[in-house]
Amino acid sequence: MTSLFNKVTATNSFSHDIENFSLRRAVQKKNTQLIDSYQLDSLHPLRRTKRTWVITTIDVTEEEKGPFPKYAGQLFNNRSFNTSVKYLISGPGVDESPEIGLFSIEDDENGHVYVHRTIDREKTASFQIRFDIVHRETGQPLDRPLYFKIKVKDVNDNAPEFAKEEFSIMIRENHSEDDPVFQVTALDKDESGTANSQVSYSLSTQMPLLDGFPFDIDPTTGTIHLSGCLNYKTASTFKLLVKAYDQGTPQLSSTATVNVAIEDANNHPPVFTRDNYQLQISEGREHSAALWLQVEDEDSPYTPAWRAKYTIIKGNEKEQFTIETDPDTNEGILSVIKPLRYKDDSEKRLIISVANEEPFFSCENGIVMISSLEPMNTTVNIKVTELQNVPQFHPPILVVQKEDEMKPGRVFRKYLATYPDGGPKKIRYELSRDPAGWLSVDENSGVLTVVKEFDQESPYVNNSLYTIIVHAIGHDAPPQTGTGTILLYLSDIKEHMPTLVDPSLDVCDKKEMRPLIIKAKSPLVHSHSWPFTFELAEDSEDVKSTWKLGRNFVESVELLMLRSLPQGTYVVPFIIRDRRGLSTRKNQHIRLCFCPDGHACEDLPQGAVRFGGGAIAIILTAFLILLVSSILLCQFHVPQSKSKAVFLPQEGEQTFINYNEESSKPLCHSGLYTIQKTVQVRHYDNIIQTVDKILNQKLYDQSALEPYWASYAPCIYAQEGELEKSNSFHSLSMGSDDLPTDFLNTLGPKFSALDEICQKRFSSFS
């Protein structure tokens, strides 16, 4: 019976909802027409009208627990007197989003408004509800609709929230308390402008625990600032727990962590480990890394607060010295960059100061003070000795790569020094620099012995390089001291050599040739190996007669061309030495070319014909065959000879090579390349010079052997295979018509002399 009653009630309720929905739609349509008529009435003169709608306070609070439905308020219209009326409700919270079905009028005759479930103000803070009154029987609207805003009352159900649970920041040790450290912000979703959403801040904890709290926070803004000085040595990191709380009831709060890393700043000046140094150097030459000056600094290594800057403040008026900072050890490296003269200054005194890259700061009464601290000084007393009286090591800088057999007890190297003038032979050896204590030296023999394993991780190893300094002390009065440097590399030594920035250069062939700039660069593993010194590897007469070096610009040098050259590619060998004494040989390729625009070399078109073919090739080939044949006929073996052996020059690495790059096109081609007279002359001179040098050498060799021809018979050797093409002959380019008819006559008497020697040799054998 009960279930039947519930079904009937549900059916009646459903029918009632449908009826009310249809009625609301009809009323809304009718009221639209009424509103239009009211708007027409508004054009008439204004008349005072009596208010017909009366609403009691509709009180709705978020998070209410029920029971539901719960009475919220009542509405009344004066038109209901003596009339059967019906109240209707519609809009958001009723039959529209958001929150459909939240509000209803359960007693439509008396206008009682009910709420059916819990409300979250942070989702919907208010609802714009429409109320209508209609005749119960006819459904006709009795008055204009009323739009009423129901505001949901806030309760403190949200704690302040930080954007993140954890923040990480870094500040300098010399951070001023006037500058904010960091600002945290927490937002509360409760109603703005109320105690429920008003946020305050505090620092709950600060770790580590120190005497006094170095950090403070503004309770209103959440700005963190310092309340005193920081000390990196005492604490390099802090963990702050920040609390954000509101003013509602009950009070709600949340926390966030701020990790503060302290970066070391300069509150410890560098201090020299010695007040003065004694240095003895020989006159007449440069000395790279003549003295290493050590400092101690308690700030964090490899930071601007730790890095040292050295300055020669007195005694370097002639700019004969430089001092640089080793980026790995922080030591000062004093070098002699201009040779000293014993007659000018037998003794010199340098005053060297040291400071950090970063300004010094101190803490006075809890306040950071940036001050210009007086730099620390040391004195270097230099004694200049005459060159012939100072023992010299051979070589002055010995470069050694670590070998597997370098174990304790094994001989490392024998590093000897001698007097240049053959003076006293008695020399005593001692180690001047071996900070890790890896070696010992026999004071009489100069033999270095390994006493400890070489450790790649040693703090004295910088970029796999360990520096050892040996002194050779004479027994004359006063004793003279020579210095030798050993560079021990624990990794591949090639990685530490300087190299050319651009190994190949294109140069436009002009009447007035400007100096070429040859630039070197440091290796990646040692980016501060400059200044560089440059030398020409003058192992070829062509280099000496064609090129010379001009001014040196620390990282580059001028290369001057001494004579006019034909267009082509040349190889100029350089010896590049860095400030550490490491030297390497590098070849600079130079392409001398024709530049139509005066700036860029002209690229040769495909299929272009090279000059140098034809008659000139045949003539030169025939001549060279004749020359080689003469030499082979003159060669013989002189066994057990007591005279000094004479060796023919070996054709090894070429240091000055001209690869012809000129070309021409057929005469019928519109882009014909013409041969300039000057180029012909250059090529002709080149032929004469090349042949002349060959004849000079061969004539000398055969003349030296001439006294022994009568005593020894020639030995005949079986020649197998073909003669290898000599790489020493130049590739010459000249048209066949340009070869002079008297070419062979211009070779002079040298070819005839060589022929005469060979003829004499043949006659002595017959």
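Leaving aside residues up to four places away in sequence, Ser556 touches Ile517, Ile518, Lys519, Phe534 and Arg551. The model is a predicted one, and the values below are computed from it. Ser556 belongs to strand E43, which covers residues 556-561. With a relative accessible area of 10%, Ser556 is under the 20% limit and is therefore classed as buried.

Ile89 is part of strand E4, residues 85-90. Its relative accessibility is 4%, and because buried means under 20%, Ile89 counts as buried. Ile89 can also be placed relative to Pro145: the two are 56 residues apart in sequence, while their C-alpha atoms are 9.7 Å apart in space.

The charged side chains come next. How many salt bridges does a search of the whole structure find? The search finds 18. One of these pairs is Asp154 with Arg121, where the closest N and O atoms are 3.2 Å apart. Asp154 sits in the loop between strand E8 (146-153) and strand E9 (161-162), and Arg121 in the loop between strand E6 (112-115) and strand E7 (126-135), so this pair ties together parts of the chain that are 33 residues apart in sequence. Are Asp154 and Arg121 buried or exposed? Both Asp154 and Arg121 are buried.

Another salt bridge joins the side chains of Lys70 and Glu64, with an N to O distance of 3.6 Å. Lys70 has a relative accessible area of 28% and Glu64 one of 23%.

For Asp344 the relative accessibility is 47%, so Asp344 counts as partly exposed. Salt bridges can also share partners, and in this way Lys86, Asp108 and Arg136 are joined into one network.

To go over the residues again by burial: Ser556 in strand E43 is buried, and Ile89 in strand E4 is buried.

How values were computed: Residues numbered from 1 in each chain as written. Predicted model: local features only at pLDDT ≥ 70, side-chain atom pairs only at ≥ 80, totals over all residues. Heavy atoms only, no water. Helix = DSSP H or I, 4+ residues; strand = E, 2+ residues; numbered from the N terminus. Buried < 20%, exposed > 50% of the residue type's maximum accessible area, 1.4 Å probe, protein only. Contact = heavy atoms within 4.5 Å. Salt bridge = Lys/Arg side-chain N within 4 Å of Asp/Glu carboxyl O.
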